Amino acid sequence: MESNVIYGINGPVVTVKNATCFSMMEMVYVGEEKLVGEIIGINDGFTTVQVYEETTGLKPGDPVVGTGSPMNVLLGPGIIDNIFDGIERPLKEIEKESGAFISRGSSVSSLDPEKKWNVTLKVRLGDKLKGGDIYATLPETPIIEHRLMVPPAISGTVVEIAPDGEYKIFDTVAKLRDDKGNVHDLSLCQKWPIRTPRPVKERLSATVPLITGQRVIDTLFPVSKGGTAAIPGGFGTGKTMTQHQLAKWCDADIIVYVGCGERGNEMSQVLDEFSELIDPKSNRPMTDRTVLIANTSNMPVAAREASIYTGLTLAEYYRDMGYHVAIMADSTSRWAEALREISGRLEEMPAEEGFPAYLPSRLSEFYERAGRANVLCGAEGSVTIIGAVSPQGSDFSEPVTQNTKRFTRCFWALDKALAYARHYPAINWIDSYSEYFTDLDPWFEKNQGKEFIKYRNKISYLLQEESRLMEIVKLIGSDVLPDDQKLVIETCRVIRVGFLQQNAFHADDTFVPLEKQKLMMKTILHLHKKAQKIISNAVPISQIIKLGLFDKLTKMKYDIPNNRLDMFDEYIKEIDEKLNSIE
């Protein structure tokens, strides 16, 4: 490996003069401490390096050494229940080595090289394997089986296998001979470049929803497994809280949580919450199926850019085993700000609001790596991307939000007014949308019946109608409205408070199964329809309100446990009896 020296330093951007041995996107080591960097520009005079660690103390003349390979991560057992920085360095191990603060140039292995794993071989001598085939398994956590796969570019015949037993990640457990006679060692790990999507056999349509247990999402704005969603919102609107809730309760097998440029206390909150929370499916701690990537706001800015791709590569690796993975990126705005800072130091021509002209293409590259697919091992897996966006001053017209809307099919717009009114989740039902209805409606029809879709459409219509009526109320007051329009406003109050608003700290309301969501909609709409009929017979709405039915329905989310859905029949019976008494 040829060595060159630093010519100039501008923050995380380092230039090398007259270097001819480097290639574009090659990973390099910079300085005596071997800081990790990546080649991002080459011309006949200078090579430009983006350094992913703090460059304080570097000086011209310090060496820059190439590795001959692109920026990559180590994939193998030990990823789950771990916390990494943006370039897959394990923070727990770094803490043991350097204390509370991360030292520069830390060369700790991403995965523990000394830990032994109980490996079970799944192949025999003479078996023909191709890229993606599973040759061994091991229990990574009590709920996740790690499946060791042949790297995608390798195929051949098994010529040697080790007996079942305990092995370290770099131990060879099988050998393959390819058609050219070359022998490839198969260990418990492999490397993969973070900017290259891992291949799949066949991409599938987005026809299965990601069930989150959050009513406003599952009912009004669903996202599919393998889909993309954006959560834009200003400071304090609950982006991180919403992502925490989705990470805890969505029916993905594995969660990859990327804290990109967020405050350190938010990441420590994630760690505390996830270690205490019990996964409802397995009764094990949530950390048994969670990977955390922490690149907080006080960490080197260039590593933010890498952290997004690191998280995606880890998610794709588990997808290739046949798992459904959800990646929470919090927040893509901080990632875009890192792009802007690096772009400024490179003296590139700025586009809108100083962001680089390639911002849309980078966002597109990120969200396009989501998807549901038949993977190389023959199973089905998916990567669902849910990205938070932090527009300054809640201005959704800024470039990151607008370009994110172009590449995501689900938009959960967080509203400052709702958040300050303590309406959680603060997803504005007028500004938000989902483009997955056409793809997902056959699934909902098959699993929840046509009524689910009918109820959802009616509730959406009533909320739109209420929005229109509230414009009139603001101008001339509610007294001038006829009773049928007052009924719409009263019903929508129940929908907003009793259905869309959810309590993350209530045992029955933090996660609500689809069947209960459907019955809640049915009960609210039954009251609306009955009351509408009575009002058409000249009975004033004030008489209906006095019955207390509307107030009772706002509390049914708490009063009806998730395992006592038969109680909805009693509610409908009570509605019929009370309304019949004044008809």
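Predicted model: local features only at pLDDT ≥ 70, side-chain atom pairs only at ≥ 80, totals over all residues.
Residues are numbered from 1 along each chain as its sequence is written, and side-chain values use heavy atoms, with hydrogens and water left out.

Visitor: Is strand S5 largely enclosed or exposed, and how many of its residues are buried?
Guide: Strands are DSSP runs of type E with at least two residues, numbered from the N terminus. Buried means under 20% relative accessible area, exposed over 50%, and partly exposed in between, with a 1.4 Å probe and protein chains only. Strand S5 covers residues 46-51 and is largely enclosed by the rest of the structure, because the buried residues number 5 of the 6.

Visitor: Which residue of S5 is the bridge partner of Val14?
Guide: Two strands pair if DSSP finds at least two bridges between them. Strand S2 (residues 13-17) pairs with S5 in the antiparallel sense over 5 bridges. The partner of Val14 in S5 is Val49.

Visitor: How many residues lie between S4 and S5 in their hairpin?
Guide: Strand S4 (residues 35-42) is joined to S5 by 5 bridges in the antiparallel sense. The number of residues between the two strands of the hairpin is 3.

Visitor: What is the relative accessible area of Leu475?
Guide: Leu475 belongs to helix H11 (residues 450-476), where helices are DSSP runs of H or I with at least four residues. Leu475 is exposed, as its relative accessible area is 75%.
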